[in-house]
Structure formats: C-alpha cells, structure tokens
Amino acid sequence: MRCYLYPVEYMPANYDVSIQGFEKRTPCHRIVGMDNVVSLPYGNKPKPVPFPHFPSTLHAVVWRNWDIVDHKRIAATLQMSPSDVFSIGTSMGLPLPQRLTNLKRKRIALTIIRRNWHLLPYDQLLQLLDWTPSELEFTLREDDFLYVKLGNHKPDCPAVHYRPQTQAELSACANLRKAVNDAFPDGLPNNPQPLFQFIDDLSTLPAARVAPKASTLSPRYCYSYFALYGDPLLTPELDPYPNGYVAELSRAGVDGVWLQAVLQKLAPFPFEPLRADKHEARLKSLGNLTRRLAKQGIKLWLYLNEPRAMPKAFFDKYPHLKGVTEGDWTTLCTSTPEVRAWLKSSVTTICKAAPDLGGFFTISGSENLTHCWSHGQGAACPRCSILGMPAVVADLHKAIQEGIDAAGNKQRLIAWDWGWPDAGVKQTIESLPKEISVMSVSEWDTPINRGGIPSTIGEYSVTITKPGPRATRHWSYATASGHRSIAKMQAANSWEMSAVPYIPSVRLTAEHAAAVKEAGVSGMMLGWTLGGYPSPNLAVVAEVGAGASPRRAMEAVAARRNGKKYQAATVQLWDAVSDSILEFPFHISTVYQAPFQQSVANPLWIQPTGYKSTMVGFGYDDIDGWRAVYPPQIFAAQLTKVSDAILAAVARVHEIGYVSAGLTQDARYAEAVALAYGSVADQTRFYMLRTAGKLSSRAAHQLLDREQARAMRMLALQAEDACIGFEASNQYYFLRMDLLEKVINIADVRSSV
Ligand SMILES: [Zn+2]
C-alpha cells in the first residue's frame, strides 16, 4: 500500500484527510519497555466491535491464534496452561493446530496484530507477539501505514484472563463444535498446505534456466511476492529474493525487482552519524544481493522517498536546515547546499558499493514527508516558497542524478509523478535532467461506465487495456523534453483483489502492455508491493515486449505453461476472466475500503458496529464506505455479475477433468476472486436487508447459505494452495480459522434473527 495521500484533484469527495496521519495519535498509552519508553497510539479509544458468536473474548483469542501462535505463548498471555488452551480450542470444534516454524512465525506478525486488534489491550498483544513496545510502535508507524489500515485508533480492550468456564460457556462451545461439524461432516481438508509453502517452493531452483527473450521494454520490474518490511539487508534469513525465486521471475520475463531504501540506513549521515549505524553491513549485503541478481539477468531498483523528515529536536542543532513542519516532523530543506550535498554523496556511496544496481525510482509528492513541497506545504519554507514546487522537485532529482554520475556507473533514475499537482507537472518534467526517466501510472483517470454509473479509474486496476489521459499527457511532456517514459501498471493483481498472487485476466494485461508499448514508453513497473509472483500475467508482458501481439503472447505463454493439449482451454479461461472483470465496479475508495481482501472472512454483524471501514484493513459493515459512487443494488449486482461469469468459466475448466498444474492454478485463483466478489455482493445485500428490518426473511437465509458455502470453498482452496489469502505487505488477510469463524458467525446470525 502506498498512496493514502491523494493528490487534491483525485481526492474522493467524502475522504476525510483529517484522520490520516500517525502524528495525530493522542491520547497515547505510555509503556515502559525493556529498551525505552515509547508511546503507543490510541486515537479516540473506541469500544471494540462485538463478536457475539464467541462465548467470550477469551474463546475468541484462543480461536483466532490457534494455528499461528505457539500455544504456550497464548497460555502465558491469558494466564492459563497450554492444556487449557488446547481443551478450549477443541471444545469449540477446532482441528489440530497447524505448525509454523519460528522463522515463518516472523512473517505473520501483521496478521496477528490485525486479528487481535479488537480483542486484546496493548500489553497482552505485546506478550502474544513477544515484542517490545518499541518494536510495535515502529511497525504501526513504519510498516506500510499499518496504523492507518487499522483505523487510526486502538479499540479500548479490557484485559483477558483465564477463569473457569461457566456452564453456559461450555454449552456454547458445544454449539460451536456442532456448527463446525455440521458444515464439515467429513472433517476439514486433511493435510492443508502449510502456510508460506510458496516460499519453499519458489526458493527451489527450477531445473533448467531459460534465457530471456530480447525485449524493447526495459526495465520490467516488480516487487518480491513475500518480502517483509524492516531491514532485509541485515536479515539474510528473511531474504526477499532467494535464487530460485529470482530464476522463476526471470523465466516469467521480469528483468528487475525493487526494494525500499532509506538513505540514512545505507550511507553515512553526517548530521547525526549514529543514525547510519550498520550502514557498512547493509551496503555489503546490497552489493552481494545486486551481484547475485545480476548473474540471473535481474537488476535491483531502490525506491527512494527522500530526504526523510527529522524530529523537530534535530533542528535545535541544525536550524539552518529546517524546512516545513508537519506534526512531530520537519523537513530537511533540499534548497540548502548541505542537504543536497548529503543526498548526492549518499547516492554515490550506494552506487559504488553496488555497481550492479539497476538504479533508483522516487516518489516525491506523497508518502512520508520529504522535501518542503512533498505534502504541498512549500509555501511555509522561506527558500522553497520562492523556488516553487517544480524547481524544488527538480533540484532533489538533480542531486540524486549527480550522485549517480559521480560514481561513474550506469544506474538509472526514474522520477515517479505520483502526487505532483497537475498545474506543476509540465514544468517539473521540463526541469529534470534529461537522463532521468519519467514514470506515470498508466491507468489513471481512464473514464469508465460500469452498471450505468460513470466513474474514473484511479490507480490499482487490472481492468483497463490502454493508458489513461493523465499518463498519456505526462509521457508526452517527457518525450517533448527529451526524457524516457516508464509506465507503472498492475500487471498481475491490484487492490481489486490481492489475496491471490495474480488475477488470471491475462488478456487485459497483454492488451494493456501492448498499448503502453505503442504509446512509446521504454519500460514498466509491473506492480506495487503486491503481485510479484511469477505469473502468466508477467510472462505475457515479456512476450509483448519481445514483439508478440496480445493474442500471440497469450497463446505462447499458455502453451509453454500448460502444453499444447491445454493451450486452448487456458486461453479460454483467461479470455473469460478478462471479459467478466470488465464489469467490476471500480472506484478508488471501493478498492481500498470494501472487504475484497478479507472477502468471505469478514463477519456479518446483526447490530451496526458504527465503525468506518479502513484502507485494506477492516471492512466492518460499512457498505456506504465500500460502494463509493455506486448505489448499493448496482454495486452488489455488478459484483455478482463478475462472480457468476468467472465461476461459469471455472466450471468449464473443471469439466475437462484432469488439467495441467498451471491451468489448475489459474482456475483456483479465478475461483477465489469470484468467491470474494460474490461475498462482498452478498455482504452488501445483508446490510441492505438489515436496514430494511428483513434479516429473518427467506432472502436473508438464502444469502447466509451462499456465504457459508463460500467460506467452506475458500477454506478448501487455501488448504490446496497457501498463496490464497496472502499478500506481502498485509501478510495473510485470512486463515482457515477465519473461514471457520464465518461458519460459526453465520450459525449465530441464523439463531438470532
Ligand atoms: Zn525548503
């Protein structure tokens, strides 16, 4: 997730910017940890949402952590014995727990935080995570806007401790067990694929190396499918790019990958040298990584969002570097020679340490507060107010480019136009040094009409096939002033559905890539943090880049992937998914706020929760937030239309009988997408019925039947393939316990209406 700061012209009308931002985190909860005193944010301390399908919060904690937290740790957190944890879990009908290695457990912290956010107070959450307060504070603040995704507040949860169960609770547990057993009379799927199995699979080198075809489009770069935020260059055991995975990406036609980078962590920081502690070790590791990737024809790109703002106290010592202030942070003004010199020398240091590095790309108009105009407040800086935004952005990029030049290497710099205000784009591009490429989100501003509702695509859509007016305009400015252009697109998936590694709408990707190539761009960023899986979607982009038409690209990839025998069936499925998903009711608020990622695991609430949905976090029951510009009936109808059409296409694949592994995988992800859309449609209808006072109607009960069937089917799909439910920057959106929880949630709704 990147863009919660919208450029003003793309801001949804009802979007409340005032709640965005960690700095508004009062009141705070001060916890004295082992390392220091940190302030964990509380926001307005709302009452947690109820989960009445559990006998008590204790039961909910046991249930939700069953497969992913060591039972000894659950027991210690709740002040009970591991055998009590086990007996409570099994009394509710939970299966034997899955086992996670300690290394894999490190990869699931965000999932643990999210599922306990409404259950446990901070101190117990810390105990469950086995984290210090500062680790949690860092993660909430730095890890891809986690605190924003959680709603900018911490529900005020009372402590949860073991006590002997009451008779009523014991009989409630028996009811849960019965609901689970009734849903799965033959038991749950045996031997579900272990969580994160894909890391082991992708880390195994393929038998034969395939030399990539020459392409006119370069770079074609994507993010790791399973990188962790944090300090990847100092944690080799959590390598985001193991050799086998890199080989698979290369086979899928990718020629670049990217990582976030913070200059203070990679190069000396003369103003406060301690901040650059261990930078030598990181540089060494970066050099090794880039060398290793280069052996497989892959370049590493570093994402820069610089210079990072500093705490206000820093400027007591350096008042002459002070730019503009936002909350607790103040910019290092790039209109001062010292800051530009530091930027330049940092980049030179990195390039010298990693000569195989592909280059850098920047975001300079959103995300963290960086230069004085980065959040539009440059007028408050005495220097940058005079220079204006285009000159400040150009100066920042000049400093980076000079750093590259001084190293004498061939690294490239890509300036992403994200967040540049319309009025200043032309001048900004014209002011950039010619060596710098200009990147624009291809799909942005494309007009659409879905279900009779006119709207525009923001970004994060796989459902368009040619560049929109914004990118076209910006690329023309770039070409006219001698710059190369780069397209940013979502080749494989998007927030339209990111709980699968790719949406098999392969034709749309191929057509989009062909249109982007036709528009004269030289390379592509294939996706943000989601979707860096070696998919057929990435493969068709490479084929198109090598000169194939979209149709030929699909046929070639289908044959390579599934053999001649299943080529036609594969292309047929891709065509059908592509045709269907063009009806998706896109709006940028919808893809952020509606529970497409949680999908069927989002519980149903009989009573209004009062909560607003959060960005790719909690959907709650906020259908007005989900549907954005679409009337609820149309929103639901469009999603059902997509879902039904995809399910029909999947059924045609199943009718063939045994098919190749690749086609099975495509059909599985198509089905998961269809289940998610069908579920969000029915969740929307459920709340329309709730508003109308008709939850006991036949329609409501039929809807509950469908939701239960979806939960069970999604559980089966995830048991076959542990990619289902996972995305790198949010980790597992749902697990089998959540899908089982939906079953007991539905049973509770049935008995209560
Ligand atoms: Zn300034």
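I started with Gln-79 in this predicted model and asked how exposed the residue is. I counted 14 other C-beta atoms within 10 Å of Gln-79, so I logged the residue as partly exposed. Gln-79 sits in the loop between helix H2 (71–78) and helix H3 (82–91). I also noted a positive phi of about 55 degrees there, although Gln-79 is not a glycine.

Next I looked up Asp-144. Its phi is near 55 degrees, again a positive value in a residue other than glycine. I found Asp-144 in the loop that links helix H7 (133–142) and helix H8 (146–149). With 17 other C-beta atoms within 10 Å, Asp-144 went down as partly exposed.

Then I turned to the cis peptide bonds. I found one from Ser-218 to Pro-219, with omega near 5 degrees. Pro-219 lies in the loop between helix H10 (197–203) and strand E3 (220–223). I found another from Glu-306 to Pro-307, where omega is near -10 degrees. My note for Pro-307 places it in the loop between strand E5 (299–304) and strand E6 (310–311).

I located Trp-444 in the loop between strand E11 (437–441) and strand E12 (447–450). Setting aside neighbours within four places in sequence, I listed its contacts as Ile-457, Gly-458, Glu-459, Gly-468, Arg-470 and Ala-471. I also checked Trp-444 against Leu-387: they are 57 residues apart in sequence and 29 Å apart in space, C-alpha to C-alpha.

Terms used:
Residues numbered from 1 in each chain as written. Predicted model: local features only at pLDDT ≥ 70, side-chain atom pairs only at ≥ 80, totals over all residues. Helix = DSSP H or I, 4+ residues; strand = E, 2+ residues; numbered from the N terminus. Contact = placed C-beta atoms within 7 Å. Buried ≥ 20, exposed ≤ 12 C-beta atoms within 10 Å, placed from the backbone.
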